[in-house]
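Please look through the structure below before reading on. The paragraphs that follow take it one topic at a time.

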Amino acid sequence: MRPTAKFSISFGLVTIPVAAYNATDTSASVSFVRIHTADGGRVRNQPVCSLEGVEITPDEIGRGYKPGDGDTVVPLSDEDLDALPLPTAKTLTILAFVAGGDIDPLQMGKGYYLGIDSPAAAKPYVLLREAMERHQRVGLGKIALHGRETLAMIRPMEGALVMQVLLWPHQIRSMDGVLPERQAEVARNEVSAAEALMDSFGELSEDDLHDHYRESLEEIVAAKLAHREPEFPAGEEQPAGEVMDLMAALQDSVRAAKRSRGEDEEAGSGRTAKKNTAKKSTAKKSTATKAAAKKQTAAKKTAGRGGRRAG
């Protein structure tokens with residue numbers, strides 16, 4: 001893996017030279033290209049100058065900044081950007097250590113693995129990692145990446161340090177218009193049923209973490225190239241439509257989750273066995289009661305005859 005950036009982590013008076021490596025691979029995701037539907041030709045984005053109307057080469061493309069809503073664009077060279085008084089251009093200065101749960105997941109962006117960039121960085125690298133692990137904290141700081149200053153979070157992971165780019169707070173939109181005007185009320189038993197459904201979910205399986213969409217898309221492409229119909233494994237049809245009876249839907253979901261793990265049959269057989277045992281016990285008690293009643297009746301008759309004879 002080739003590093004995408006090199007900088008230093010400033011931890012008080014301790015400096016740790018590191019190299020940042022992309023932690024994610026977006027090339028493995030499904031992507032499409034644009035085509036001309038009439039003949040299947042590729043439709044490409046060509047860099048064209050808006051003033052001259054001609055295509056330009058990559059070495060003629062520079063940076064510009066729009067200071068307002070107008071059409072004015074101010075050209076900026078690499079020298080202009082290098083002259084910015086940014087201490088974060090080469091150094092990630094840790095500003096605070098906080099609990100990981102204090103970071104809003106909405107702020108989390110791209111992730112990078114951080115490796116040491118010199119042999120002398122090994123010891124302070126391990127020191128920072130172990131201190132955060134024992135203290136159960138993550139580091140927050142600022143760094144300039146790809147020409148932009150950004151917030152960043154550093155955390156330990158599996159013996160390494162990982163940097164997560166964070167959005168600025170002003171980049172998180174408000175929830176105005178998202179929440180309903182009137183909040184729905186739910187009963188306590190409905191919440192309990194929802195908790196029971198949550199408990200019935202098992203752990204993620206290897207199949208759950210599989211990109212079935214990509215596989216299915218590749219099958220469609222292979223079928224088109226082979227001039228055949230695509231072949232897909234039969235799957236369980238998912239329920240659709242509006243849920244009217246929330247409680248019944250929760251209870252049915254719990255039963256379905258248990259059936260998928262084979263728990264329902266065992267539980268059902270156990271309940272049936274208990275019912276059969278109870279029926280047998282009731283039947284025995286009923287038979288014993290009838291027998292006792294017959295004995296008492298016979299004893300009364302015998303006693304009555306004995307009394308008449310004695311008279």
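Which helix do the buried residues of α3 pack against? The model is a predicted one, and in it the buried residues of α3 pack against α5 (246-260). Those buried residues are A193, L197 and S200. They cover an arc of only 60 degrees around the axis, so they lie on the same side of α3. The face turned away from that buried side carries R188, M198 and D199, which are exposed.

Next comes the nonpolar interior. In soluble globular proteins, nonpolar side chains tend to be buried together. Here the largest nonpolar core has 21 residues, of which F7, I9, L114 and M163 touch the most other members. Elements that each supply at least two residues of this core include β1 (5-11), β6 (108-116) and α2 (122-135). Beyond its neighbours within four places in sequence, F7 is in contact with several residues, among them I16, L114, I143 and M163. A second, separate core of six residues includes V98, I103, L151 and M153.

Charged pairs are the last topic. Side chains of opposite charge can pair when their charged atoms come close. The whole structure holds five salt bridges. One of them joins D78 and R63, at 2.6 Å from N to O. This pair links distant parts of the chain, with D78 in helix α1 and R63 in strand β3, 15 residues apart. By contrast, R255 and D252, whose closest N and O atoms are 2.4 Å apart, are three residues apart in helix α5, which means a separation of about one helical turn.

Notes:
Residues numbered from 1 in each chain as written. Predicted model: local features only at pLDDT ≥ 70, side-chain atom pairs only at ≥ 80, totals over all residues. Heavy atoms only, no water. Buried < 20%, exposed > 50% of the residue type's maximum accessible area, 1.4 Å probe, protein only. Helix = DSSP H or I, 4+ residues; strand = E, 2+ residues; numbered from the N terminus. Arc of directions from axis to C-beta. Contact = heavy atoms within 4.5 Å. Core = buried A, V, L, I, M, F, W, Y, C linked by side-chain atoms within 4.5 Å. Salt bridge = Lys/Arg side-chain N within 4 Å of Asp/Glu carboxyl O.
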